[in-house]
Amino acid sequence: MVGYSVSFQFNMGLPFQCLSRLGLSTLFCAATGCSIQTYDLSVGSHSLFSWTHPSLEQAVNVDETEDAHEGSEDRTQMEQQPPSKRRKLVCDDVKSNGGVEAGKGKPGAPASGEKSQKKGRANRLPPTPEMPFVVLLAATEDGSYVIAVTGQDKTLWVFEHDGKGSLKEISQRAMPKRPCSLTLTTDGQTILSADKFGDVYALPLIAPSEEVISASTLVPVTPGPLRGANVLTVHSQRNRRALEDQQRQRKANAKRDLPKDGPKFAHEVLLGHVSLLTCVLTAKDAQNRPYIVTADRDEHVRVSRGIPQSHIIETYCLGHESFVVALCNPRSRPDVLISGGGDNSLFLWEWLAGKLLGTIDLSAHVRGILPDATKIAVTKLISYVVGDECFVAAICERTPAIFIFELQVDNAVLHRLTLSLRGNPLDIMTIGSTELFLLVAMDVPNGAGQISVFERDGTAWEPHQPIQDTANSLNEQSVLSCHDLDKLLYTVENLRKTGNEEGGDEDTSEIPEQRSETRE
Amino acid sequence: MTEPVNKKQKRADYRQAQKENGISELPRKRFYRQRAHANVFSDHKLEYPKTPDHMDWSTYFPAFATTTDSPSTSQPAETSLVNAADTYPKKLSKEVEVVDIGCGFGGLLVALAPVLPDTLLLGMEIRSSVAEYVQHRIAALRTQNPDTNLYQNIGCLRANTMKFLPNFFRKGQLTKVFICFPDPHFKHRKHKARIVSTTLNSEYAYALRPGGIVYTITDVEDLHYWMVQHLEAHPSFQRISEEEQDADPCVEIMRTATEESKKVERNKGQKFIALFRRLEDPPW
């Protein structure tokens with residue numbers, strides 16, 4: 001597969017995996033590995049500013065960084081966390097996530113002989129601890145605040161942007177579960193964070209000082225400890241014996257089964273799916289009322305009312321036959337929604353009515369780039385406007401191209417062009433007040449981080465000088481094999497259901513009931 | 001440990017005999033037992049429609065299937081876009097309005113069938129063998145009552161309602177949702193798997209029309225408090241008073257007819273009942 005590294009060597013550079021614009025200027029920020037860098041497109045490849053996750057910054061030369069003191073403070077904070085969090089390993093991750101991410105570890109790319117050899121070798125190596133990679137990056141509309149999520153420690157970081165490219169860390173909040181998607185409410189004051197447990201949390205952009213903790217969650221606090229089963233609950237003699245055992249056990253384990261403390265910062269559960277959430281976005285109707293649109297692994301796109309009525313589900317946009325990953329609500333067409341994921345097509349919706357307007361085949365265009373492609377996993381959808389024409393650009397996992405469609409006023413969607421790339425696109429965005437530049441973060445085989453830049457000429461895109469990662473992040477490279485890096489960068493195809501899973505309940509049907517409490 | 005093999009063999013023989021003789025006798029539970037817990041987060045091999053319009057109900061409620069071509073055989077025309085031709089199965093003359101989530105062996109359905117003769121009732125059960133038992137039970141009951149329409153209004157299918165309820169029902173389609181003796185999931189870390197939670201209640205509110213009722217019953221006191229707390233905390237639901245609760249004929253059936261409630265009765269256990277009304281959505 002194009003762009004998929006099959007070498008035995010360790011990857012020589014880390015690609016950029018996330019992009020975010022900073023307001024309407026030519027400034028933008030990009031995440032590579034555990035770092036965030038800011039650039040000015042009009043200046044070029046010279047990075048204006050770099051932030052690195054404190055757990056790594058400590059490992060390198062502390063003296064060189066301006067924020068040395070701050071960094072070490074964060075480090076001590078990290079050390080106070082329970083060790084399980086810091087030492088969480090990639091391979092543990094696969095096991096413990098069970099059903100939800102059972103596909104993980106099976107790479108989507110067809111295994112060539114060379115690659116399976118590499119995999120075999122990788123299996124014998126001691127497991128590498130997962131790096132706190134920046135997995136999500138977002139910014140307020142005006143670019144004055146940047147929000148980032150590092151995956152391994154589930155931490156949500158907020159930075160203040162001075163308008164000149166410098167970021168100042170103003171808060172770090174460890175979320176209960178790993179966030180999968182971020183967005184801001186339309187007023188830019190509240191962060192919405194969707195996680196793999198299916199919940200959407202609302203967090204104030206600026207965290208109030210620690211004394212004013214109002215953990216106003218939708219779920220009420222339980223009065224007193226839960227007592228579980230009692231003598232009147234269970235039925236058979238065997239169960240009764242088991243209950244006695246359980247009660248003894250419960251006393252012994254009382255500490256272990258305490259409800260987990262919620263986060264110590266202001267947060268609110270807005271809504272939840274019983275599925276892994278993949279995307280959250282905010283949209284407005286013709287009356288300017290806000291809505292929250294959420295997508296999950298179980299083919300659902302849900303439309304809920306905005307804060308404070310987020311408990312009301314307005315409708316569902318149903319029709320996907322595979323996971324949904326990407327949602328896009330074009331600015332010039334606020335009434336429509338485009339969604340994509342594991343299906344061969346993009347779906348076009350009149351989202352507020354939950355009405356499918358049509359589907360747009362993508363597989364033929366993907367096969368134009370990769371003739372053998374059988375499965376598609378759309379990773380990102382963006383829209384931009386040229387004059388009064390609305391365009392939608394899609395990228396797919398491990399597919400080195402950008403597919404650009406025109407969304408016409410009558411809701412017809414026409415394929416306009418396919419931009420071939422040198423590597424697999426990881427993120428894509430347009431920047432500038434007239435959306436004159438298209439930026440693509442790419443994974444170039446054995447290359448260092450690179451962002452391809454296209455400049456718009458009419459409705460065509462002309463290649464422009466790319467942005468190269470000049471700031472070194474050597475500290476991270478030494479410990480990551482290609483295999484590990486792939487696992488971190490290509491996660492979307494793993495959402496696909498394998499279809500041979502019975503949740504284990506079929507085979508274990510002979511296990512006596514009472515033992516289920518002790519099994520994991 | 002030879003027993004499981006025998007059990008499997010006996011089950012296979014029983015299924016074979018059923019196939020040959022047809023289902024006229026009530027099925028025997030011993031051949032359908034399945035571990036009482038299912039992981040609601042795993043994928044299973046579930047079958048569910050893409051949208052409620054894609055659900056073919058005719059196999060579950062053959063007596064209500066329409067014979068004439070219904071008007072909605074295809075989607076509204078999407079001339080400008082490819083892949084538009086999508087056909088829907090025929091609709092029933094009535095829609096399902098009452099759902100028993102986690103219907104188990106179907107005691108409630110069978111008892112409610114004559115009480116709500118003009119309403120379609122659906123049991124939804126995640127354990128495949130148990131759902132199959134209920135399907136066989138309904139088939140047998142229908143065969144045994146050929147001269148009446150009795151038991152034509154109940155059906156059962158295997159589903160994970162925590163994930164796929166909106167795939168089966170339109171907004172506001174349901175009038176009653178029963179949640180009887182759900183899995184208590186005692187451990188704190190398993191609470192997300194409970195069938196009643198504030199976030200999941202939004203989905204029940206979506207499927208229920210305003211005025212619709214959620215019925216809950218359990219023998220676990222803690223779970224009762226949990227369900228009451230979480231449903232009361234949800235702005236779309238309001239607890240129904242004791243008097244009104246006792247006046248509802250469905251409550252008595254729920255209290256006595258389900259297999260679990262009989263089991264609790266035999267063990268002289270307690271039963272906790274709570275009903276909640278779906279309120280109108282506030283102005284927006």
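This briefing covers annotated positions in chain B and backbone features in chain A. The model is predicted, with local features requiring pLDDT of at least 70 and side-chain atom pairs counting only at pLDDT 80 or more, while totals for chains, interfaces and linings use all residues. Residues are numbered from 1 along each chain as its sequence is written, and chains are lettered from A and ligands numbered from 1 in the order in which they are written.

**Annotated positions in chain B**

- An unreviewed UniProt entry places the feature "binding site" at several residues, including B:Asn160 and B:Glu260; such annotations may be inferred rather than shown by experiment, and their positions follow the numbering used here, with feature names shortened.
- B:Asn160 counts as buried because it has 23 C-beta neighbours inside 10 Å (buried means 20 or more other C-beta atoms within 10 Å of its own, exposed 12 or fewer, partly exposed in between, with C-beta atoms placed from the backbone).
- Leaving aside neighbours within four places in sequence, B:Asn160 is in contact with B:Val40, B:His44, B:Leu46 and B:Ile126, where contact means C-beta atoms, placed from the backbone, within 7 Å.
- B:Glu260 counts as buried with 21 C-beta neighbours inside 10 Å.

**Backbone features in chain A**

- A cis peptide bond, with omega of about 10 degrees, joins A:Ile307 and A:Pro308.
- A:Glu299, although not a glycine, has a positive phi of about 70 degrees, and this residue is buried, with 24 other C-beta atoms within 10 Å.
- A:Arg398, also a residue other than glycine, has a positive phi near 55 degrees and counts as buried with 25 C-beta neighbours inside 10 Å.

How values were computed: Contact = placed C-beta atoms within 7 Å.
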